Structure formats: structure tokens, C-alpha cells
Amino acid sequence: MRDLVFSECARVLESDGLIVMPTDTVYGIAADAFSATGVEKLLAAKGRGRDMPPPVLIGQREVLMALAEVPNTSVFELTKRFWPGPLTIVCGAQAMLDWDLGDTHGTVAVRMPDHEAALELLRKTGPLAVSSANTHGSPAACDAAEAEEMLGESVDIYIDGGAAPGIGASTIVDLTRTPPRILREGPITAAELREVLPDLEDSAAAEESAVSGTEESSASGTEETTASGGEAADETTQE
């Protein structure tokens with residue numbers, strides 16, 4: 001029965017539709033990552049703009065190489081230790097990919113969830129653009145009923161996987177910067193990450209640096225463009 005449901009989900013996603021799915025953190029609203037129409041529908045359902053592009057969930061570690069420009073071998077250490085799990089990695093996106101996730105400024109936020117059903121679905125569908133199953137400004141849904149109450153008929157299929165663990169939004173690490181930095185603290189701690197990334201900046205240091213950078217930009221009359229990784233940090237979901 002689950003295989004039949006997932007096959008129908010794959011069909012809907014290929015037709016630019018939307019589904020709601022459980023993950024290891026909270027429920028997510030998903031579109032085919034390579035469907036510009038699907039991603040546009042996802043953002044509209046949440047009441048968000050292109051300036052807040054969704055992260056991408058994958059079902060196998062190896063898929064990261066096809067989606068992102070891997071800066072160094074530390075990426076492989078991170079994914080070996082923390083994937084599947086609540087760690088989102090921001091990298092430069094592969095320039096050759098024909099997709100439109102929004103105003104990403106050349107980056108992509110990727111995660112492999114630690115959830116059996118989600119992984120099975122992702123292996124059938126391929127990479128999915130996934131944001132929290134909620135309307136903008138509302139708490140992320142922890143079950144299918146909560147998601148449906150907020151998103152209603154904008155979603156084609158709701159997968160009911162029971163109550164989500166609700167462990168909170170994933171930790172986000174930005175590897176497009178030197179040194180790398182935490183954009184959002186989550187279940188995986190800075191101390192754990194520094195065992196792989198010794199020079200990692202924490203979110204407090206990153207915020208202080210951002211404030212300093214803004215002041216310097218204002219003084220020089222320039223404006224700094226925010227990368228999608230920073231916008232992903234505002235996401236209230238697993239990604």
C-alpha cells in the first residue's frame with residue numbers, strides 16, 4: 001500500500017503538484033526540486049516570496065554531489081557523521097542544473113532526513129524542495145491534520161505518518177564562507193560540528209560579523225546581497 005501511495009505522490013510531483021510529507025523533525029510541504037511551477041506553488045501556498053527559497057531534501061548522500069559544488073573534503077565528513085539527520089548544509093549550487101528554487105544567489109541548502117518513509121519517498125521521486133508544512137508565520141505542523149488545517153486544498157496529497165518527533169528545526173551550516181559558520185543552531189551542536197570543522201563560527205559570531213559588515217557597507221555606500229543560506233536560517237522548519 002505504501003508503495004502505491006508513493007507512486008501516486010511521484011506522479012503528482014512530476015505534474016507540478018504539491019504533497020505534505022513527514023520527516024524526522026516536523027512535517028514538510030514538498031515540490032519537485034526541478035519543477036519551477038511546483039516550487040512557485042509551494043511558495044504561494046505558504047505565503048512566501050522568491051526571496052526565501054526552500055531547502056532540498058535528498059534520499060542518498062551521493063546525490064549531494066549532483067546538486068552542489070563541494071568546497072572540500074569536510075563535506076564528506078559531515079555527511080558521513082550527521083546524515084541522515086537534522087543537519088542542513090549550504091553549498092554553492094551546480095551551475096549546470098536546470099532548476100529555479102527562487103532567489104538563491106547561486107547556493108543551495110541540502111539535507112538528508114533520518115526518517116524511513118521520507119527516505120523511501122525521496123528515492124522514488126528524486127530531490128524535493130521542502131519547506132515547513134505551515135503558512136508563513138505559523139508554527140510548523142507536527143502532524144498531517146495540522147498541515148491540512150493551514151494549507152488546505154493548495155496541497156494535492158497529505159501523507160499521514162503519525163506525529164512528527166518535533167525535535168526542532170535542523171542545524172544549518174554555511175560552507176560557502178571561509179571560515180564556515182552556523183546559520184541556525186539546532187539539534188546538532190556547535191561542539192559536535194567542530195569535531196569535523198575546527199574553525200567553525202557559531203551563530204552569535206556570525207550575527208556580530210553580519211552587523212559589523214552592514215555598518216561597514218553603510219559607511220562605504222554599498223549594499224551587501226544576502227545569500228540563500230542566510231534566508232534558509234529564517235526557516236521555521238526542518239531545513
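Student: In which loop does His105 lie?

Tutor: This is a predicted model, and in it His105 lies in the loop between β5 and β6.

Student: What is the general idea behind reading phi and the peptide bond?

Tutor: Most residues other than glycine have a negative phi, and most peptide bonds are trans. Besides His105, which is partly exposed with a relative accessible area of 46%, there is Asp16, whose phi is near 70° and thus also positive in a residue other than glycine. Asp16 sits in the loop between α1 (2–14) and β1, and with a relative accessible area of 27% it is partly exposed.

Student: How should I read the strands, and which strands does β2 pair with?

Tutor: In a regular strand the side chains alternate between the two faces of the sheet. In this model, β2 is joined by three bridges to strand β1 (residues 19–21), the two running antiparallel, and by five bridges to strand β7 (residues 128–132), again antiparallel. A hairpin of six residues connects β1 to β2. For individual positions, Val20 stands opposite Ile29 in β2, while the bridge partner of Ala30 in β7 is Val130.

Student: Is β2 mostly covered or mostly open?

Tutor: Strand β2 is mostly covered, with five of its five residues buried.

Student: For a helix, which residues of α4 are buried?

Tutor: The buried residues of α4 are Ser74, Val75, Leu78, Thr79 and Phe82. Viewed down the axis of α4, these buried residues fall within an arc of 135°, so they line one face of the helix. Among the elements that cover the buried residues of α4 are α3, β5 and α7.

Student: Which residues touch the most other members of the largest nonpolar core?

Tutor: That core has 48 residues, and those touching the most other members are Val20, Leu78, Leu87, Trp99 and Leu193. The elements that give two or more residues to this core include the strands β2 (28–32), β5 (87–93) and β6 (107–111), together with helices such as α2 (36–46), α4 (74–82) and α7 (190–194). Apart from this core lies another, of 16 residues, including Leu13, Ala118, Leu122 and Leu128.

Student: What does Val20 touch, once residues up to four places away in sequence are not counted?

Tutor: Val20 touches Tyr27, Gly28, Ile29, Ala133, Ala147, Leu151, Val155, Ile157, Tyr158 and Ile159.

Student: How do I read an aromatic pair, and which residues form one here?

Tutor: A pair of aromatic rings is described by the distance of the centres and the angle of the planes. The count in this model comes to one aromatic pair. Phe34 and Trp99 form it, and the pair is stacked, at 5.3 Å centre to centre and with 25° between the planes. The pair links distant parts of the chain, 65 residues apart, with Phe34 in the loop between β2 and α2 and Trp99 in the loop between β5 and β6. Phe34 is partly exposed, with a relative accessible area of 35%, whereas Trp99, at 17% relative accessibility, counts as buried.

Student: Is His115 buried or exposed, and where does it lie?

Tutor: His115 is buried, with a relative accessible area of 18%, and it lies in the loop between β6 and α5 (116–125). Leaving aside its neighbours within four places in sequence, His115 is in contact with Pro22, Thr23 and Asp24.

Student: What does the whole chain come to in secondary structure and in burial?

Tutor: The protein chain has nine helices and ten strands, and 52% of its 239 residues count as buried. Of the contacts in the chain with a separation of 6 or more, 66% are between residues 24 or more positions apart. The accessible surface comes to about 10,800 Å², of which 48% belongs to carbon and sulfur atoms.

Conventions: Residues are numbered from 1 along each chain as its sequence is written. This is a predicted model: local features need pLDDT of at least 70, side-chain atom pairs count only at pLDDT 80 or more; totals for chains, interfaces and linings use all residues. Side-chain values use heavy atoms; hydrogens and water are left out. A nonpolar core is a set of buried Ala, Val, Leu, Ile, Met, Phe, Trp, Tyr and Cys residues joined through side-chain atoms within 4.5 Å. Buried means under 20% relative accessible area, exposed over 50%, partly exposed in between (1.4 Å probe, protein chains only). Helices (H or I, at least four residues) and strands (E, at least two) are DSSP runs, numbered from the N terminus. Contact means heavy atoms within 4.5 Å. Two strands pair if DSSP finds at least two bridges between them. The arc is that of the directions from the helix axis to the C-beta atoms. Accessible areas come from the Shrake-Rupley method with a 1.4 Å probe; for residues, only the protein chains shown count as cover. Rings of Phe, Tyr and Trp (its six-membered ring) pair if their centres lie within 6.5 Å; planes under 30 degrees apart count as stacked, over 60 as edge-to-face and the rest as tilted.
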